Amino acid sequence: MPTEQEIKTAMQSYIDSFNQDNLEGILSLFAEEATVEDPAGTAPVQGKAAITEFYRKVVNGNTRIHRQEPIRASHGNSGAMALHIETQVDGSAFIFHIIEVMTFNENGLITSMTAYWGRSDMEKK
């Protein structure tokens, strides 16, 4: 099982890679069989190929992640972070307020990422 520090480091690497438009850096953090559920309650994207396609759409030079609080680890194999994402859609700027929860395997790779946000957590900037 990964340590708390390994979880926090991986989650910070996710943010850093995203903000550098480093798709390969993001994908290197995920296990082959991982899932992404963004937003929570929608059908999960499953497997590295599908996750690659998902992130190709959102790692686009117009989207940035800003952490709101320190990353929180757990007594197990997961961590959570409060953040907001700023992005451009059809020429308009939006902010999404999100809680992301990630679980990790014994090798410290992400096995699931779930993003919690609803329509009321999205605002036009």
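**Salt bridges in a predicted model**

Me: How many salt bridges does the structure hold?
Reply: The structure holds 5 salt bridges. A salt bridge is a side-chain nitrogen of Lys or Arg within 4 Å of a carboxyl oxygen of Asp or Glu. This is a predicted model, where local features need pLDDT of at least 70, side-chain atom pairs count only at pLDDT 80 or more, and totals for chains, interfaces and linings use all residues. Residues are numbered from 1 along each chain as its sequence is written, and side-chain values use heavy atoms, with hydrogens and water left out.

Me: Which residue does Lys 48 pair with?
Reply: Glu 32. Their closest N and O atoms are 3.9 Å apart.

Me: Is Lys 48 buried or exposed?
Reply: Buried, at 19% relative accessibility. Buried means under 20% relative accessible area, exposed over 50%, partly exposed in between (1.4 Å probe, protein chains only). Glu 32 is exposed, at 55%.

Me: New topic. What does Lys 125 meet in a salt bridge?
Reply: The side chain of Glu 86, at 3.0 Å from N to O. Lys 125 lies in the segment after strand S7 (122-124), and Glu 86 in strand S4 (residues 78-89). The two are 39 residues apart. Lys 125 is exposed at 61%, while Glu 86 is partly exposed at 22%.

Methods
Helices (H or I, at least four residues) and strands (E, at least two) are DSSP runs, numbered from the N terminus.
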